[in-house]
Amino acid sequence: MTRRQVLALVALVPLQAHSAERVRVGKTHFRVERGTATGAHAQVGRRYLHIHGNETTARVVLAKHVARRSGVAVFVEESTRTISVDGLIIDPNRMFSRVGAEASLRRLNPRIREAALSRALARLERELPALLRVVLPPAGGLLISIHNNSQGYNIQQEIPLSEQHHLPVPDEPNNFFLATDERDYVTLARGPFNAVLQMNPAGPDDGSLSRLCALRGIRYVNLEAILGAAERQHEMLVWLDDALPALYGK
Ligand SMILES: [Zn+2]
């Protein structure tokens with residue numbers, strides 16, 4: 001082997017060692033991390049998702065959490081809230097149904113041409129199944145999606161759309177859980193944090209992941225916390241993960 005060949009080989013090794021699993025949707029990659037914890041923190045069937053790139057507190061909180069857990073965590077690799085698909089922007093938490101994706105594309109790209117719209121929708125249809133394969137939990141498992149909000153969005157907007165709500169900390173309306181499974185909600189409603197139950201969300205299909213999970217009977221919890229409240233959001237995530245069972249039996 002020549003010196004040049006050796007150097008080429010050495011240069012290659014660290015790249016391979018760090019090559020993370022990624023799934024692409026449009027121009028955006030989603031990084032997949034598989035937790036390796038065993039024992040008390042090994043939770044079969046857990047999935048975690050960070051989907052809005054501008055929600056930076058949630059990203060840090062989730063990365064810290066999954067390093068000590070098992071399960072699969074998926075992180076959007078963007079710093080913006082939107083992602084780009086065939087030159088058009090879309091809210092990634094509005095792309096999980098055709099009607100929701102179309103509404104988001106029209107809203108965020110006001111002068112969109114019909115041909116461009118069709119092309120982007122076709123790409124989403126081709127590329128989303130691979131993302132859903134890593135994001136959706138196995139039967140009986142739980143998906144936790146972790147978000148940040150700021151002024152203007154809080155639990156008060158969700159209460160009228162919900163079957164039930166639990167408001168033990170009314171002075172923290174931005175920090176709350178949104179669950180789609182009644183069994184999970186019963187546990188959350190005994191806990192110290194705000195929560196709502198939405199089994200049958202009203203109104204048109206907005207293409208959100210909570211809507212898709214409600215439709216398919218998949219256990220889903222959205223964890224919302226105000227941007228910047230890393231310690232509080234981490235506390236909520238640890239509590240949630242420990243309180244809810246990994247799987248429900250049949
Ligand atoms: Zn979000």
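Phe177, Val221 and Leu223 touch the most other members of the largest nonpolar core, a set of 53 residues. A nonpolar core here is a group of buried Ala, Val, Leu, Ile, Met, Phe, Trp, Tyr and Cys residues joined through C-beta atoms within 7 Å. Helices (H or I, at least four residues) and strands (E, at least two) are DSSP runs, numbered from the N terminus. The model is a predicted one, so local features need pLDDT of at least 70 and side-chain atom pairs count only at pLDDT 80 or more, while totals for chains, interfaces and linings use all residues. Residues are numbered from 1 along each chain as its sequence is written.

Zooming out, the protein chain comes to 8 helices and 11 strands. Among contacts with a separation of 6 or more, 71% link residues 24 or more positions apart; a contact means two C-beta atoms, placed from the backbone, within 7 Å.

Leaving aside neighbours within four places in sequence, Phe177 is in contact with Leu188, Phe193, Ala195, Val221, Asn222, Leu223 and Leu240. Strand E11 (residues 219–226) has 7 of its 8 residues buried, so it is largely enclosed by the rest of the structure. E11 pairs in the parallel sense with strand E7 (residues 142–149) over 8 bridges, where pairing takes at least two DSSP bridges between the strands. Ile146 has Leu223 in E11 as its bridge partner. Strand E9 (residues 176–179) runs antiparallel to E11, joined by 4 bridges, and Leu178 stands opposite Asn222 in E11.

On to the helices. Helix H2 (residues 56–66) packs against helix H8 (residues 230–243) at about 45 degrees, with the axes 9 Å apart. That angle makes H2 oblique to H8. Axes are lines fitted to C-alpha atoms over the stretch in contact, with angles from 0 to 180 degrees between N-to-C directions; under 35 degrees is roughly parallel, over 145 roughly antiparallel, 65 to 115 roughly perpendicular, and the rest oblique. Thr57, Ala58, Val60, Val61, Lys64 and His65 in H2 meet Ala230, Gln233, His234, Leu237 and Val238 in H8.

Definitions and conventions. Buried ≥ 20, exposed ≤ 12 C-beta atoms within 10 Å, placed from the backbone.
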